[in-house]
Amino acid sequence: MLDIDKIKKLIEMMVSNDLIEISLRDGEEEVNLRRPNSRLDVPTMSVQPGAGMHGAASNPGPAAPPAVAEQPNGKADAAAADLLEITSPMVGTYYAASDPDSPPFVTPGSQVHPGLVVCILEAMKVFNEIKSEVAGTIERVLVENGKPVEFGQPLFLVRPH
Amino acid sequence: MFRRVLIANRGEIALRIIRACHELDVEAVCVFSEEDRGAHYLSLADRAICIGGPQPLDSYLKSDRIIAAAEIAGADAIHPGYGFLAENAAFAEKCRASKLEFIGPSADSMRLLGDKATARSIAKKVKVPTVPGTDGILEEGEDAAKIAEQIGYPVMIKASAGGGGRGMRIVHQASELEETLKQAQQEAQGAFNSSEVYLEKFIEKPKHVEVQIIADQTGNIVHLGERDCTVQRRYQKLIEESPSPNIEARTRRDLCAAAVRLAKAAGYYSAGTVEFLVDEKGKFYFIEVNTRIQVEHPVTEMTTRIDLIKAQISVAAGEPLSFNQRAIKPAGHAIECRINAEDPEHGFRPCPGVIEKFRPPGGLGVRIDTYAHDGCRISPRYDSLIAKLIVYQPTREEALRTLKRCLREFVIEPIKTTIPFHERAIAHPEFIEGKFDTGFVERNLS
């Protein structure tokens with residue numbers, strides 16, 4: 001059952017921190033909150049009961065409201081918890097694993113060290129292995145498989161050793 | 001027509017292209033560097049994608065990241081604006097190889113006309129006058145004195161590896177040639193690591209007059225009249241106007257016809273500008289072609305009522321031009337002042353910083369192309385252009401009146417700008433009379 005109070009609190013938190021998008025999964029429930037334009041204070045909502053890796057809130061098409069990713073929301077988390085960020089060194093499409101049949105390079109709890117491949121970023125049909133520059137434990141994966149990423153966008157939060 | 005265009009540029013030209021896209025019902029996607037994050041004009045795009053750090057080499061010049069941004073945004077074309085990658089033929093090719101249309105000419109014609117030597121030889125083939133000079137560098141053993149005699153004094157010795165006005169020396173008579181040539185070669189070696197030089201006729205007190213052309217992919221090439229860009233400082237244009245007050249009607253006609261001939265011979269399409277020098281006798285000489293849209297394009301838009309950016313986008317989408325040469329009837333007079341973040345009282349030194357108060361002028365016949373606003377930060381990393389102030393009236397005299405009023409109204413604080421320079425320039429008798437040459441600024445306003 002959806003907790004309306006929890007969702008209201010999330011909306012307040014988004015507005016006060018000027019976040020554009022939040023995506024939460026709790027067991028089989030998934031909530032995606034997206035503010036189409038930071039000038040409007042009313043976020044839109046899409047709630048999907050049921051499991052699955054889908055449920056991305058972004059919808060690239062002319063009908064979609066404008067989405068200007070000015071503040072990737074990972075920054076708010078990182079600042080709060082002294083976690084390190086692994087950010088994207090390029091523009092491209094994020095892939096968690098080397099191919100669809102393989103397990104992801106890293107998941108929350110994985111140990112990373114400088115030089116370890118953490119994901120693939122694809123651009124212009126070239127698949128680039130992205131290596132960690134920090135040592136620690138993956139705390140959170142911030143991007144979804146197959147999603148576009150910008151330069152500087154946080155990909156992972158890492159708890160340093 | 002394209003569904004979505006990616007704009008590989010920043011600042012005022014990015015905003016200009018966003019506007020053209022939206023009027024064509026095309027979505028506009030902007031790229032930005034971390035230095036430009038949060039810029040107001042980005043929020044007017046349908047989407048904005050960060051492509052790198054503050055340095056141009058780490059962002060606006062990173063062709064792979066720009067193309068990747070176009071891919072993830074689902075764009076079908078890229079507009080390069082001016083500067084950065086706009087005249088980079090390799091980039092144009094990379095775009096097209098990635099199934100993205102490049103809004104500009106073909107890579108081949110960009111190469112042909114972008115190279116000074118090949119451009120000159122095409123010009124000669126179609127009887128467009130060029131500046132007399134050596135064809136390529138002065139070779140070992142060539143009789144410099146004989147060549148200089150043929151060209152006619154005064155002669156300019158130019159370093160082949162130089163550019164932007166550097167590495168040039170003037171020789172006024174034959175007796176000075178040998179010594180000056182030796183010095184020039186030594187200087188060139190020291191400054192540019194190459195002693196190669198070429199000789200060119202030095203055109204005294206020239207005027208800089210350029211012709212705007214636009215062409216579609218069906219071979220229809222049209223000129224939109226000329227612009228006079230003679231008011232320059234160190235080869236940087238400051239004031240541009242159309243029509244040129246400095247030339248006769250016949251010169252205008254011949255210049256424009258020459259520009260079209262040249263473009264045709266190179267198989268050119270999209271927007272382009274053919275630059276000429278005009279001497280005191282009204283003779284003109286082809287200098288170079290800019291195979292891109294230019295900063296001063298609004299001047300021509302006012303006199304011809306043609307939206308050049310929309311025309312570029314349409315041409316790139318394969319559409320034929322909606323007008324032919326006969327339909328182009330320039331009217332009225334337009335003048336543009338480049339308002340830069342520079343201090344004219346101190347050698348035009350750059351004055352980047354935050355604009356706290358930005359109050360542009362207005363009224364009938366006034367156009368401002370700018371990305372600035374209250375609180376806008378002018379970065380030291382990019383060019384210093386804050387705004388283009390363009391006025392348009394039926395006559396030059398009325399345009400100057402409006403321009404004077406606008407410069408007085410225009411408030412940009414607290415950073416220093418070139419507004420005071422423009423006020424002095426347009427009040428100078430030479431400018432008012434419409435008889436000035438490229439030495440105007442240095443002579444009167446330094």
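This is a predicted model: local features need pLDDT of at least 70, side-chain atom pairs count only at pLDDT 80 or more; totals for chains, interfaces and linings use all residues.

Q: Fine. How many helices and strands are there in chain B?
A: Chain B has 14 helices and 22 strands. Its radius of gyration is 22 Å, close to the 22 Å from the globule rule for 446 residues, so chain B is as compact as a globular protein of that length.

Q: What box do the C-alpha atoms of chain B fill?
A: Roughly 65 × 50 × 50 Å, taken along the principal axes.

Q: And how is chain B divided into domains?
A: There's domain 1 (4-103), domain 2 (132-201) and domain 3 (207-444). The centres of domain 1 and domain 2 of chain B, taken over C-alpha atoms, are 41 Å apart.

Q: What share of chain B counts as buried?
A: 50% of the 446 residues. As for contacts in chain B between residues at least 6 apart in sequence, 64% of them join residues at least 24 apart.

Q: Can you give me some mostly covered pieces?
A: Strand β3 (residues 47-52) of chain B is one: six of its six residues are buried. Helix α9 (residues 297-304) of chain B is also mostly covered, with eight of its eight residues buried. Those in α9(B) include His297(B), Glu301(B) and Met302(B).

Q: What about helix α10 of chain B, how many of its residues are buried?
A: Eight of the nine in α10 (residues 308-316) of chain B. Among them are Leu308(B), Ile309(B), Gln312(B) and Val315(B). After α10(B) comes Gly318(B), with a positive phi near 90 degrees.

Q: What sits in the loop between α9 and α10 of chain B?
A: Arg305(B) is found there, just after α9(B). Arg305(B) isn't a glycine, yet its phi is positive, about 60 degrees.

Q: Is Arg305(B) buried or exposed?
A: Exposed. The cut-off for that is 12 or fewer other C-beta atoms within 10 Å, and Arg305(B) has 12 C-beta neighbours inside 10 Å, so it counts as exposed.

Q: Switching topic: how many residues of chain B are in contact with chain A?
A: 22 residues of chain B are in contact with 16 residues of chain A. On the chain B side, β3 and α2 (63-73) each supply at least two residues. α2(B) gives the most, with seven residues. By class, that side of chain B has nine nonpolar, five polar and eight charged residues.

Q: Back to β3(B). How does it run relative to β2(B), parallel or antiparallel?
A: Parallel, with five bridges joining strand β2 (residues 27-33) of chain B to β3(B). Within that pairing, Val29(B) stands opposite Arg47(B) of β3(B).

Q: And chain A, which strands make up its open sheet of four?
A: The order is β8-β7-β5-β10 (chain A), with antiparallel pairing. β8 (126-131) and β10 (148-149) of chain A stand at the edges with a single partner strand each, so one side of each is left without a neighbour in the sheet.

Q: How many bridges join β7 to β8 in chain A?
A: Six, between strand β7 (residues 117-123) of chain A and β8(A), which run antiparallel. If you want a pair to click on, Glu122(A) has Phe127(A) in β8(A) as its bridge partner.

Technical notes. Residues are numbered from 1 along each chain as its sequence is written. Chains are lettered from A and ligands numbered from 1 in the order in which they are written. Two strands pair if DSSP finds at least two bridges between them. Domain bounds come from an automatic or database domain assignment. The radius of gyration is taken over C-alpha atoms; the globule rule is 2.2 Å times the number of residues to the power 0.38. A residue is buried if 20 or more other C-beta atoms lie within 10 Å of its own, exposed if 12 or fewer, and partly exposed in between; C-beta atoms are placed from the backbone. Two residues are in contact if their C-beta atoms, placed from the backbone, lie within 7 Å. Ala, Val, Leu, Ile, Met, Phe, Trp, Tyr, Cys and Pro count as nonpolar, Asp, Glu, Lys and Arg as charged, and the others, Gly among them, as polar.
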